[in-house]
Amino acid sequence: MLRKLLLIISTAISAFALHTAEININDKDLELAAKFDMGQFNDGIEPGTIFFGGKILNGQQENRKVENGGSLTDFNPYFEVNFLMKRVIGNMGLSVGMGVKLNYTKDFSSLPLGLEFDYTILTKELVPMFVNGSVYYAPGSLSFHDAKDFLEYRMSFDIEMIENGRVTIGYRNINTNYKTAIGNVVYNDSFYAGFKFAF
């Protein structure tokens, strides 16, 4: 009986352990992201616990801000490679994760560490809904090239309109602080909407 119960639980967990692809847009910016569940490639890793992915954000001038009187005329896309370990906390729909990223934009790269959370709004009457958030920070010791430090935070709300397909609405703030005369650059500060696909 216990063996059957464990098999059912592990099958249910596997069903929710999926790779994801995401596209986020607003009137100025385009963001593409992908995340791969390592548990689908390796039987020794529990599905839904370890993820490896990448992201590109082609942000535009209108959603950027150069603070401290600096100037930056040439804005390049923001690239990122990321690694995340997650676990479910209790049975209330909450999961938390610890992650690390390697990011790069013009003359700036850093290795921020961060925390993420996902909360599933448990309701039988409505379509599945989710609240997500993350904070990543890199001090000077984890910042390279002309980087002084890095800070990123995000919040999003997802609605699963169809199975494995979500509509997302979110906010992001990506802060790249330079050691040079450029100073503090808010690379992107914007709201966005998009789609998330799981496969």
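Strand β1 (residues 20-25) and strand β2 (residues 30-37) run antiparallel and are joined by 6 bridges. Strands here are DSSP runs of E with at least two residues, helices are runs of H or I with at least four residues, and both are numbered from the N terminus. Two strands pair if DSSP finds at least two bridges between them. A hairpin of 4 residues leads from β1 to β2. Alanine 21 has alanine 34 in β2 as its bridge partner. Moving on, β2 also pairs with strand β3 (residues 50-58), in the antiparallel sense and over 8 bridges. There, glutamate 31 has leucine 57 of β3 as its bridge partner.

Before we go further, a word on what you are looking at. This is a predicted model, in which local features need pLDDT of at least 70 and side-chain atom pairs count only at pLDDT 80 or more, while totals for chains, interfaces and linings use all residues. Residues are numbered from 1 along each chain as its sequence is written, and side-chain values use heavy atoms, with hydrogens and water left out.

**The whole chain**

The protein chain holds 1 helix and 13 strands. Read from the N terminus, the order is α-β-β-β-β-β-β-β-β-β-β-β-β-β. Of its 199 residues, 37% count as buried; buried means under 20% relative accessible area, exposed over 50%, and partly exposed in between (1.4 Å probe, protein chains only). Contact means heavy atoms within 4.5 Å. Among contacts between residues at least 6 apart in sequence, 53% join residues at least 24 apart. The accessible surface is about 11500 Å², and 66% of this belongs to carbon and sulfur atoms. Such areas come from the Shrake-Rupley method with a 1.4 Å probe, and for residues only the protein chains shown count as cover.

**Lysine 101 and glutamate 80**

Lysine 101 lies in strand β6 (residues 94-105), and glutamate 80 in strand β5 (residues 78-89). Lysine 101 counts as buried because its relative accessibility is 4%. Glutamate 80 is buried too, with a relative accessibility of 4%.

Their side chains take part in polar contacts, which are pairs of N or O atoms within 3.5 Å; within protein, one must be able to donate a hydrogen and the other to accept it, and residues adjacent in sequence count only if both atoms are side-chain atoms.

| Side chain | Partner side chain | Polar contact |
|---|---|---|
| Lysine 101 | Glutamate 80 | 3.3 Å |
| Lysine 101 | Glutamate 152 | 2.8 Å |
| Glutamate 80 | Tyrosine 78 | 2.9 Å |

Leaving aside neighbours within four places in sequence, lysine 101 is in contact with several residues, including Lys55, Asn82, Leu111 and Tyr136. The C-alpha atoms of lysine 101 and tyrosine 136 are 8.4 Å apart, although 35 residues separate the two along the chain. Glutamate 80, not counting residues up to four places away in sequence, touches Gly53, Gly54, Lys55, Lys101, Leu102, Asn103 and Glu152.

**A nonpolar patch**

Which residues form the nonpolar patch on the surface? They are Ile23, Ile25, Leu30, Leu32, Met161, Ile162, Val167, Phe195 and Phe197, with about 810 Å² of accessible area together. At least two patch residues come from each of β1, β2, β11 (147-162) and β13 (184-198). Patches are made of residues with over 30% relative accessible area and no salt bridge, joining like charges within 9 Å and nonpolar side chains (Val, Leu, Ile, Met, Phe, Trp, Tyr) within 5 Å. A salt bridge is a side-chain nitrogen of Lys or Arg within 4 Å of a carboxyl oxygen of Asp or Glu. Phenylalanine 197 lies in strand β13 and is partly exposed, with a relative accessible area of 42%.
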